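Please have the sequence and the coordinates open.

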Amino acid sequence: MRRNQFGSNGPQVSVIGQGTWYIDHGDRATAVAALRRGIDLGMTHIDTAEMYGDAELVVAEAIAGRRDEVFLVSKVLPSNASRRGTITACDRSLKRLKTDRLDCYLLHWRGSVPLAETVAAFDELLSAGKIRSWGVSNFDTDDLDEMLEAAGGGSIACNQVLYHLQERAIEHAVLPWCEQHGVAVVAYSPFGHNDFPNPRSKPGAVLQAIAAAHRASPRQVALSFLTRRPSLLAIPKAAMPDHAAENAAAGDLTLTDNEIAALDQAFPRGPRPRGLPML
Ligand code: NAP
């Protein structure tokens with residue numbers, strides 16, 4: 001499993017991690033087995049959120065007895081992101097996750113609470129040892145500029161954003177901004193949530209051919225493409241153990257420059273949209 005540094009001061013983290021949105025909707029034991037299989041195979045970066053229903057409870061079960069192996073991330077809802085609200089939300093998440101600390105705590109998206117308030121809460125949580133770092137999610141460059149102003153350089157560990165083969169908007173400005181400021185970029189919904197390229201489509205066929213050349217699957221090729229730079233990590237969600245195993249193997253797949261160029265052509269990034277796309 002390749003690892004990339006998580007922000008300018010952070011640890012090395014598995015480039016392929018595990019998302020957990022909707023993981024509480026199917027069979028609980030299977031979901032726990034999938035997360036555990038993923039951890040066994042090196043996908044130790046686990047992403048959850050207070051918003052994801054009972055997902056934090058599923059994660060708690062999966063990481064029981066092996067907390068130290070995992071880089072654990074959760075998120076505060078913008079509606080809870082006041083100075084007091086953030087601390088209370090974090091305490092709730094820690095309780096649900098049955099742990100005493102998060103490796104990274106994110107503001108899920110920009111809301112109406114002034115950023116300085118959320119930053120003050122993050123600082124308090126850092127001092128108390130309840131979080132090891134903090135970051136943001138769904139932040140466009142103007143929000144990132146404001147956050148940098150509010151928090152100072154070196155403090156934003158990551159920006160978690162929508163990024164998959166058919167949605168490459170972050171490459172226009174967000175990715176360059178993050179690389180310039182040492183902020184890790186975490187690709188969410190790397191399979192397009194439920195919209196992975198059809199193998200019968202022209203771009204899907206390109207993906208298929210590259211996969212065949214590596215005896216890999218199209219999804220593994222997609223994950224490798226999305227983590228092709230040292231700033232990038234991806235967090236596919238898999239509630240099925242076999243899916244988790246397939247995704248983990250992408251952490252050892254490296255594409256050639258020609259293959260990256262072919263994917264770049266097959267799935268063009270398109271013009272820069274007015275706002276940053278998000279789910
Ligand atoms: P995704 O990871 O793009 O796709 C998940 C879907 O792909 C599930 O239906 C899953 O099926 C399937 N899948 C996974 N691995 C597979 C494989 N090897 N073969 C076939 N199917 C496979 O979607 P996502 O859940 O939207 O995004 C991933 C994570 O990003 C979320 O879970 C969440 O943690 C995070 N996220 C963050 C935000 C944000 O605003 N910050 C927004 C959206 C998502 P099974 O589950 O049946 O295995």
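Which residues do ring pairs link into a cluster? They are Trp-21, Tyr-22 and Tyr-52; rings of Phe, Tyr and Trp (its six-membered ring) pair if their centres lie within 6.5 Å, with planes under 30 degrees apart counted as stacked, over 60 as edge-to-face and the rest as tilted.

This is a predicted model, in which local features need pLDDT of at least 70 and side-chain atom pairs pLDDT 80 or more, while totals for chains, interfaces and linings use all residues. Residues are numbered from 1 along each chain, and side-chain values use heavy atoms, without hydrogens and water.

**Thr-20**
- Thr-20 sits in the loop between strand E2 (12–14) and helix H1 (28–40); helices (H or I, at least four residues) and strands (E, at least two) are DSSP runs numbered from the N terminus.
- Thr-20 counts as buried because its relative accessibility is 0%, where buried means under 20% relative accessible area, exposed over 50% and partly exposed in between (1.4 Å probe, protein chains only).
- Beyond four places in sequence, its contacts (heavy atoms within 4.5 Å) include Leu-35, Tyr-52, Val-59 and Lys-237.
- The Thr-20 side chain reaches the backbone oxygen of Asp-47 at 2.7 Å.
- A polar contact of 3.1 Å joins the side chains of Thr-20 and Thr-48; the term means a pair of N or O atoms within 3.5 Å, and within protein one must be able to donate a hydrogen and the other to accept it, with residues adjacent in sequence counting only if both atoms are side-chain atoms.

**Helix H3**
- H3 (residues 83–97) has buried residues that include Gly-85, Ala-89, Ser-93 and Leu-97.
- Their cover includes helix H2 (55–63), strand E4 (71–76), strand E5 (104–107) and helix H4 (115–127).
- Lys-98 follows H3 and has a positive phi, near 55°.

**Ligand**
- Oxygen atoms of the ligand lie 2.9 Å from a side-chain N or O atom of Asn-138, 2.6 Å from one of His-193 and 2.7 Å from one of Lys-237.
- The ligand taken alone exposes 910 Å², of which the protein buries 89% (Shrake-Rupley method, 1.4 Å probe).

**Aromatic pairs**
- The structure holds 6 aromatic pairs.
- Phe-6 and Phe-71 form a tilted pair, 4.7 Å centre to centre with 55° between the planes.
- Phe-6 lies in the loop between strand E1 (3–5) and E2 and Phe-71 in strand E4, so this pair ties together parts 65 residues apart in sequence.
- Phe-6 and Phe-71 are buried.
- The ring centres of Phe-122 and Trp-134 are 5.0 Å apart and their planes at 20°, so the pair is stacked.
- Phe-122 belongs to helix H4 and Trp-134 to strand E6 (residues 134–137).

Definitions and conventions
The expected span of a helix is 1.5 Å times one less than its number of residues.
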